[in-house]
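Q: Hey, can we go through this one together? I'd like to start with the residues a database flags and then look at the aromatic rings.
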Amino acid sequence: MSPISTKTETIAAIATAIVPQQGSIGIVRMSGSEAVAIAKTLFKAPGNQPWSSHRILYGYIHHPHTQQLVDEALLLLMLAPRSYTREDVVEFHCHGGIIPVQQVLQLCLQAGARLATPGEFTLRAFLNGRLDLTQAESVAELVGAKSPQAASAALAGLRGKLAAPIHHLRSLCLDILAEIEARVDFEEDLPPLNESEIIHQLQEVLQQLTDILDTADRGELLRTGLKVAIVGRPNVGKSSLLNAWSRSDRAIVTDLPGTTRDVVESQLVVGGIPIQVLDTAGIRKSDDKVEQIGVERSQIAAQSADLVLFTLDCENGWTEAENEIYQQVKNRPIIIVMNKSDRLSSAQLENLRQSIINQLDIKPSLIIATAATLNQGITDLEESILNAVHTENLQSANLEFAINQRQAAALTRAKIALEQVENTISDRLPFDFWTIDLRGAIHALGEVTGEEVTESVLDRIFSRFCIGK
């Protein structure tokens with residue numbers, strides 16, 4: 001059953017993450033016309049506490065038939081339309097853990113509520129005009145944010161920073177369409193259409209669309225992050241580099257080559273960008289079956305990474321073994337990490353750097369010297385990573401919002417349609433032809449904010465939400 005057709009039912013779900021025996025508070029949320037009635041059958045508030053909107057009641061949750069005590073809790077009432085969904089909303093703030101909230105949820109369902117589908121609370125907020133579609137998507141992005149910058153961009157979207165310019169551009173397109181259609185219907189009664197002004201307005205809209213579309217790559221980077229693989233021969237200091245970078249002992253470090261037998265992951269944030277770091281097993285030929293598997297996984301990790309940190313031992317320099325590994329990963333963006341740099345003099349280090357530059361024809365900025373065991377060179381490495389993925393502007397720019405892939409696809413369609421309008425005008429075609437692509441652009445802009453949206457699109461968007469949000 002689609003979420004649109006069930007919006008009048010009362011729904012319930014656990015609205016907080018539940019960790020066994022570790023949660024202090026768990027929330028069960030209900031929304032719908034029967035939410036308050038169901039709550040009154042389950043919740044007993046001692047004294048004369050008023051059941052009025054935006055008040056917190058203290059009391060006990062009982063089984064409605066056996067009167068068995070289930071939990072001591074707080075109850076929060078938010079009556080329509082002053083609620084998240086613009087319906088009557090009730091929240092039971094129970095003791096945390098699995099059992100109390102599960103028991104309360106089951107009582108709500110037995111009393112007539114239905115288990116909410118993923119994202120159904122936010123879907124109702126959209127359907128009831130509480131949020132537009134960009135704000136609804138920002139809710140999911142805020143919940144899933146992996147860095148403060150990603151959270152900030154999601155909050156901007158939730159506050160309507162993206163919706164406002166889209167509404168403005170759609171309004172401009174509607175005004176242009178009205179001008180043209182008026183000439184179609186009443187050309188003899190109106191002054192000639194100011195064609196140059198129409199072209200100027202279209203160019204203005206196209207420029208603003210381009211500016212918004214430019215946030216797509218940065219937004220994707222903020223949301224999904226960057227996958228970075230540390231590769232190289234055994235015992236060049238890959239695990240030490242991971243430990244120094246993550247400031248933890250995620251990987252085992254010994255003087256024995258081949259210590260790392262599998263891919264070790266660590267999650268970092270660099271310059272506001274979430275980074276998944278993969279410490280891979282040393283790549284070399286081996287008769288050890290387990291090590292062979294580790295090497296194969298290292299090669300797979302390197303090929304799937306957005307960026308490869310090719311690590312070598314400064315004392316050994318660039319050997320034929322490094323060259324063999326480099327041939328396997330040279331199709332990926334690469335930064336050369338000259339580790340154990342403390343064991344060479346400055347002159348020796350510079351000679352090695354120049355040798356690598358000449359051999360690989362690589363930019364000097366993509367060669368970084370580190371001494372992982374001494375925590376040296378990590379800042380330089382982070383700066384090189386940010387420069388390598390062209391995110392240096394992301395740190396200094398005040399990124400008010402960042403569009404997602406769905407929004408980018410719709411805005412791209414709008415841009416193409418408006419460019420076609422320009423071509424139509426240039427080809428001196430009749431006004432009727434102008435309106436066809438203008439309507440297409442208006443429709444595409446409406447898809448972004450939800451003014452033009454299909455049920456299948458809503459299903460796809462909200463199915464990615466967690467249940468209870």
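Q: Where is the place of Glu91?
A: This is a predicted model, and in it Glu91 is in strand β6, which covers residues 89–95.

Q: Buried or exposed, that Glu91?
A: Glu91 is buried, because its relative accessible area is 8% and buried means under 20%.

Q: What does the side chain of Glu91 make a polar contact with?
A: With the side chain of Arg29, at 2.9 Å.

Q: Which residues does UniProt list for "binding site"?
A: The unreviewed UniProt entry lists Arg29, Glu91, Arg130 and Lys469. Of these, Lys469 is included in the lining of the largest pocket.

Q: Ok, where is the place of Arg130?
A: Arg130 is in the loop between α3 (120–127) and α4 (133–143). With a relative accessible area of 36%, Arg130 is partly exposed. Its contacts include Ser83, Tyr84 and Gln135.

Q: Switching to rings: which ring does the charged end of Lys469 sit over?
A: The ring of Tyr84, 5.4 Å from its centre. Arg29 lies over the face of Phe121, at 5.5 Å from the ring centre.

Q: How many aromatic pairs does a search of the whole structure find?
A: There are 8 aromatic pairs. One of them is Tyr58 with Tyr60: the ring centres are 5.8 Å apart and the planes are at 65°, so the pair is edge-to-face.

Q: Which residues form one aromatic cluster?
A: Phe43, Trp51 and Phe92 do.

How values were computed. Residues are numbered from 1 along each chain as its sequence is written. This is a predicted model: local features need pLDDT of at least 70, side-chain atom pairs count only at pLDDT 80 or more; totals for chains, interfaces and linings use all residues. Side-chain values use heavy atoms; hydrogens and water are left out. UniProt positions are given in the numbering used here, feature names are shortened, and annotations may be inferred rather than shown by experiment. On a 1 Å grid over the protein atoms alone, a cavity is a set of points where a 1.4 Å probe fits but cannot get out, and a pocket is an open set with protein on both sides within 12 Å along at least five of seven lines; lining residues have an atom within 4 Å of a point. Helices (H or I, at least four residues) and strands (E, at least two) are DSSP runs, numbered from the N terminus. Buried means under 20% relative accessible area, exposed over 50%, partly exposed in between (1.4 Å probe, protein chains only). A polar contact is a pair of N or O atoms within 3.5 Å; within protein, one must be able to donate a hydrogen and the other to accept it, and residues adjacent in sequence count only if both atoms are side-chain atoms. Contact means heavy atoms within 4.5 Å. Rings of Phe, Tyr and Trp (its six-membered ring) pair if their centres lie within 6.5 Å; planes under 30 degrees apart count as stacked, over 60 as edge-to-face and the rest as tilted. A charge sits over a ring if NZ of Lys or CZ of Arg is within 6 Å of the ring centre and within 35 degrees of the ring normal. Lists of a residue's contacts leave out its neighbours within four places in sequence.
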